[in-house]
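Dear colleague,

I am handing over a structure that you have not worked with before. Please open it alongside this message, and then read on for what was found in it.

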Amino acid sequence: MKRMRRSGNKATDETVNDAALPEEEEAARDVYEKLRGSVKKDGRNLKLWETIYGLAADIEAMEPWMEYHIYTPIMLELRVHGEKMAASFETSPFSRSGKKIVLYHGEKGLCDFDVLSVRDPIVPREFVMYDRDAYLLCWGDRTEVPEENRQILKELGRSFRGTGRWIYFTSAASRTIPRTLRDDEAEVVMEALVELRTALRDQLKKSILVQYDAGYCLARYYDENQKRMVTGPVEYREPEMIFRSYDFNDEVMARRIKRARQNDQVVDFDFFYNGWSPMDYIDEKGNIGNWQFALALDETSGRLNIMVPVEAGVSTGEMAFLMLHDYVLEHGRMKELIVRNAEVYAALESVCRKVGIPLELDTMPQVDRILNEIRSDV
């Protein structure tokens with residue numbers, strides 16, 4: 001399978017300290033314990049939200065977007081919540097100010113970061129942003145703040161002055177519409193921000209070499225020898241994106257595809273999100289579903305031969321597998337099939353090799369033009 005490579009253009013090495021500030025060692029645990037039992041209003045722990053807004057302001061004051069390596073995240077180990085996260089300072093096409101901190105969850109989150117951090121990703125950024133699992137801290141205009149987050153700010157008596165200065169927090173989960181954090185998620189974000197703030201403060205006070213070109217990144221982690229949290233460089237391992245491959249052994253299906261009439265079509269298979277759910281589907285965690293759509297474009301005629309929603313229980317790879325069979329039986333065997341999603345490529349590689357259909361991983365400017373027209377009409 002063809003691999004998408006990260007750009008080799010690295011910034012110069014930075015210096016940071018590997019020793020935590022003593023007063024910050026148990027900061028996350030201490031703050032978390034103080035918040036237990038806090039008075040809630042309308043189901044919200046306002047003390048918790050006041051805390052995370054304060055942490056966000058502290059980090060903003062350090063201006064990390066100007067200093068830190070955007071192609072390598074800061075790794076964070078959360079001792080209270082038992083989770084590993086990767087913090088990234090990014091710019092966002094969904095926010096006018098463009099300023100954002102993203103906290104990615106575990107190995108899946110690192111894969112999402114890896115695709116987004118490539119300078120010229122094959123997969124559209126909009127698709128990955130709707131398909132990733134992460135917590136987002138955004139700086140935008142007042143009109144960008146979600147209504148639920150606006151109510152929290154009103155209860156806290158907080159407001160912000162200036163364009164791109166309004167802070168809001170959202171939770172992004174695969175195949176769902178981004179929404180305001182629940183309180184249990186805000187607790188995880190609070191601990192992550194405490195550790196992130198500490199890592200940044202350590203970097204400003206001390207100096208230790210972080211060799212990005214040698215594959216290292218800044219991290220905040222628990223040192224078993226010192227029995228405490230420390231800040232320092234760790235080896236950064238770019239995540240391997242593993243997708244299900246389909247061992248194609250259905251000889252009946254293979255014969256059907258091979259017997260189908262041959263044509264001269266170059267066909268694009270793609271998947272996209274529109275940021276809405278026509279059925280208002282809500283999952284067990286209260287997330288509103290974000291319908292994924294599949295399309296097949298005949299590049300020769302410019303005609304969309306397939307555009308259908310993907311059912312919630314069907315993976316992207318499974319849908320691509322089914323689409324190939326149905327498309328060939330209805331429209332004939334294509335001269336070439338083009339995809340740009342690694343999961344789709346993995347799903348179709350075996351079957352295309354078996355039935356003799358050339359499969360390529362490439363960009364799709366024609367599809368992007370159509371998707372932009374669709375989004376502008378929604």
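Helix α8 lies across β13, β14, β15 and β16, and its direction makes about 140° with that of β13. Please keep in mind while reading that this is a predicted model. A further helix, α9 (residues 342-355), packs on the sheet as well, where it touches β13, β16 and β17 and runs at about 160° to β17.

The sheet itself is open and has five strands in the order β15-β14-β13-β16-β17, with mixed pairing. Its edge strands, each of which pairs on one side only, are β15 (303-310) and β17 (359-361). On average, and with direction ignored, neighbouring strands of this sheet are turned by 20° against each other. Within the sheet, β13 pairs with strand β16 (residues 336-339) in the parallel sense, over three bridges, and Asp 268 has Ile 338 in β16 as its bridge partner.

Turning to the aromatic rings, the count comes to 11 aromatic pairs. One of them is formed by Phe 269 and Tyr 327, an edge-to-face pair with 5.9 Å from centre to centre and 75° between the planes. Because Phe 269 lies in strand β13 (residues 266-273) and Tyr 327 in helix α8 (residues 316-331), this pair ties together parts that are 58 residues apart in sequence. Both Phe 269 and Tyr 327 are buried.

Phe 272 and Phe 293 also pair, and since their ring centres are 5.5 Å apart and their planes stand at 20°, the pair is stacked. This pair links distant parts of the chain, with Phe 272 in strand β13 and Phe 293 in strand β14 (residues 292-298), 21 residues apart. Phe 272 is buried, as is Phe 293.

Elsewhere, ring pairs join Trp 49, Tyr 53, Phe 160, Trp 166 and Phe 169 into a cluster. There is also a charge over a ring to look at, for Arg 79 lies over the face of Tyr 222, at 3.6 Å from the ring centre.

As for charged pairs, the structure holds 18 salt bridges. In one of them, Glu 60 meets Arg 165, with the closest N and O atoms 3.6 Å apart. Glu 60 counts as buried because its relative accessibility is 14%, whereas Arg 165, at 40%, counts as partly exposed.

Asp 202 and Arg 220 form another salt bridge, at 3.9 Å from N to O. That pair links distant parts of the chain, since Asp 202 is in helix α6 (residues 183-205) and Arg 220 in strand β11 (residues 216-223), 18 residues apart. Asp 202 is buried at 0% relative accessibility, and Arg 220 is buried with a relative accessible area of 1%.

Finally, salt bridges that share partners join Arg 179, Arg 182, Asp 184 and Glu 185 into one network. Arg 182 counts as partly exposed, at 29% relative accessibility, while Glu 185 is buried, with a relative accessible area of 5%.

With kind regards

Note on methods:
Residues are numbered from 1 along each chain as its sequence is written. This is a predicted model: local features need pLDDT of at least 70, side-chain atom pairs count only at pLDDT 80 or more; totals for chains, interfaces and linings use all residues. Side-chain values use heavy atoms; hydrogens and water are left out. Rings of Phe, Tyr and Trp (its six-membered ring) pair if their centres lie within 6.5 Å; planes under 30 degrees apart count as stacked, over 60 as edge-to-face and the rest as tilted. Helices (H or I, at least four residues) and strands (E, at least two) are DSSP runs, numbered from the N terminus. Buried means under 20% relative accessible area, exposed over 50%, partly exposed in between (1.4 Å probe, protein chains only). A charge sits over a ring if NZ of Lys or CZ of Arg is within 6 Å of the ring centre and within 35 degrees of the ring normal. A salt bridge is a side-chain nitrogen of Lys or Arg within 4 Å of a carboxyl oxygen of Asp or Glu. Two strands pair if DSSP finds at least two bridges between them. Axes are lines fitted to C-alpha atoms, for helices over the stretch in contact, and angles run from 0 to 180 degrees between N-to-C directions. Contact means heavy atoms within 4.5 Å.
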